[in-house]
Amino acid sequence: MTQITRLILQRLTLGFVTLLIVSVLIFWSVELLPGDAAQEILGQSATPETVTALRHYLGLDQPPMARYAHWLQGITQGDFGTSITSGRPVLELIAGRLGNTLFLAAFAGIIAVPLALLLGIMAALLRNSFFDRAAGIFTLTAISLPEFFVAYILTLFLSVNLGLFPSISNITPSTDLVERVYRSFLPALTLTLAITAHIMRMTRAALINLFSLPYIEMARLKGASQGRVVMVHALRNALAPIVNVVVLNLAYLITGVVIVEVVFVYPGVGRLLVDSVSKRDLPVVQAICLIVAITYILLNLFADIVSIVSNPRLMHAK
C-alpha cells in the first residue's frame, strides 16, 4: 500500500468518525428545539388525542436513543424518512432541490475562481501599487458586507432600477439552460462577491511569500518571463494553500447558500431547509443538515489530497 493510499484511508476513516459525531449533534440539536413538534404541526386548536396520535406516528413517544438508532439505521439503508408536511420521501424531496443548489454553486464557482485567481496574481505582481490597494479595499468591503445586504443592493440596482435581471429566480425543471443562467445571475453574482475576496487574498499572500525566495530570483536572473515565473515556478508551489481556500469556498457555495436562496426565492436546498424549520418538518431538517455535513467533509478530503499531491512534503511530519 502506497503512502498516499494509506493517507487517503486515514482521512476517510477520520471523516467517517467526524460524520458520526455530526449526526449525533444534528439529532440532538433538533431535539432541543423548543416546543412540541406534533403540537406545532397541528396547531393550538388540535385536540390532545390528535396530538398523541401524531406523536406516536412520528415516533416522538419513544426514547431519544431509540429514535436516533432508528434514524441512523434508515440512513445506512438509504432511507432518510418521510416528510411530515408533504408525505413524500425525504430523499426524493431533496433530490429535486439539490440539483438547483449545485447548479447555482457551479455557476458562481465558474465566475469566482478564475476571477479571484487572476486578481490575486495581478495584485501580487503589482504589490503596493494603486491596483493592489484598490483590490485590497474591494476585498475587505466584500468580506465585511453580509450576503443578504449585497443581495438587496444588487437587486435594487440591477433589477429594480435597470431592469436587467429578475429579482426572483423562479426556476422549474422545464426551464432551459439559457433561461436558467439568466434567472440565476443575481444570486450567482452575490455568491461570487462573497467568495472572490477570500480566494484573491490567499492567492496574493501565497505568491508574495514565494517571490522573495532564491529559486524565484534565480529564474528571473536566467531571463524567464514574468508569466513563466508566476505560472511555472511560483504558482505551482503556492498551489496547496490556494487549493485549500478554493475548495473551502466551494464548500461554502453548496452549504452556505441559505440566505441567498431565501432572498431570491431560489428553489434550492437552503430555502427548503428554512421552510422545513418553520414547519417543524424534522426528517427533512435532519437529512439536509447531514447531507451538508457529508458534502463539507468530502470537499475537505479532496482539498487535502490535492494539496499533498501538489506538495509531497506535506505527507511527512517534519
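A: A word on naming comes before anything else: a helix here is a DSSP run of H or I with at least four residues, and the helices are numbered from the N terminus. The model is a predicted one.

Q: OK, what is the average pLDDT of the protein chain?
A: The protein chain has a mean pLDDT of 81, and 93% of the residues reach a score of at least 70.

Q: And which elements have the lowest and the highest mean pLDDT?
A: Among the elements of the protein chain, the lowest mean, 68, belongs to helix H2 (residues 37-42), while the highest, 90, belongs to helix H8 (residues 177-183). Where pLDDT is low, the predicted coordinates should not be read in detail.

Q: Switching to pockets, what is the volume of the largest pocket, and which residues lie nearest its centre?
A: The largest pocket has a volume of about 680 Å³, and 23 residues line it, with Leu 58, His 70, Trp 71, Gly 81 and Pro 283 lying nearest its centre.

Q: Which helices supply that lining?
A: At least two residues each come from helix H1 (3-31), helix H3 (48-58), helix H4 (64-76) and helix H15 (282-310). H4 gives the most to the lining of the largest pocket, namely five residues.

Q: How does the lining of the largest pocket divide by class?
A: The lining of the largest pocket has 10 nonpolar residues, 10 polar ones and three charged ones.

Q: What about the second largest pocket?
A: The second largest pocket has a volume of about 310 Å³, and of the 19 residues that line it, Arg 88, Leu 93, Gly 96, Arg 97 and Leu 272 lie nearest the centre. The elements that give two or more residues to this lining are helix H5 (90-125) and helix H14 (269-278), and the largest share, five residues, comes from H5. By class, the lining of the second largest pocket has five nonpolar, seven polar and seven charged residues.

Q: How many cavities of 30 Å³ or more are there?
A: The count comes to one cavity of 30 Å³ or more, and about 50 Å³ of space lies in the largest cavity.

Q: Which residues line the largest cavity?
A: Its lining is made by Leu 98, Thr 101, Ile 254, Val 269, Ile 291, Val 292 and Thr 295. H5 and H15 are the elements that give two or more residues to this lining, and H15 has the largest share, with three residues. By class, five residues of the lining of the largest cavity are nonpolar, two are polar and none is charged.

Q: New topic, how do H9 and H12 cross?
A: The axes of helix H9 (residues 185-211) and helix H12 (residues 239-255) come within 9 Å of each other and cross at roughly 170°. An angle over 145 degrees counts as roughly antiparallel, and H9 and H12 are therefore roughly antiparallel to each other.

Q: Which residues meet there?
A: From H9, the residues are Leu 191, Ala 194, Ile 195, His 198, Ile 199, Met 202, Thr 203 and Ala 206, and they meet Pro 241, Ile 242, Val 245, Val 246, Asn 249, Tyr 252 and Leu 253 of H12. The contact of H9 with H12 has 12 nonpolar, three polar and no charged residues.

Q: Last one, where are Asn 128 and Val 265, and what is phi in each?
A: Asn 128 sits in the loop between H5 and helix H6 (130-144), with phi near 65°. Val 265 sits in the loop between helix H13 (258-263) and H14, with phi near 50°. Most residues other than glycine have a negative phi, whereas Asn 128 has a positive value and Val 265 has a positive value too.

How values were computed: Residues numbered from 1 in each chain as written. Predicted model: local features only at pLDDT ≥ 70, side-chain atom pairs only at ≥ 80, totals over all residues. Heavy atoms only, no water. Axes fitted to C-alpha atoms, helices over the stretch in contact; angles between N-to-C directions. Parallel < 35°, antiparallel > 145°, perpendicular 65-115°, else oblique. Contact = heavy atoms within 4.5 Å. Nonpolar A, V, L, I, M, F, W, Y, C, P; charged D, E, K, R; others polar. pLDDT = per-residue confidence, 0-100. 1 Å grid on protein atoms, 1.4 Å probe; cavity = no way out; pocket = protein on both sides within 12 Å on 5 of 7 lines; lining within 4 Å. Points joined across faces, edges and corners; volume = space filled by probe spheres on them.
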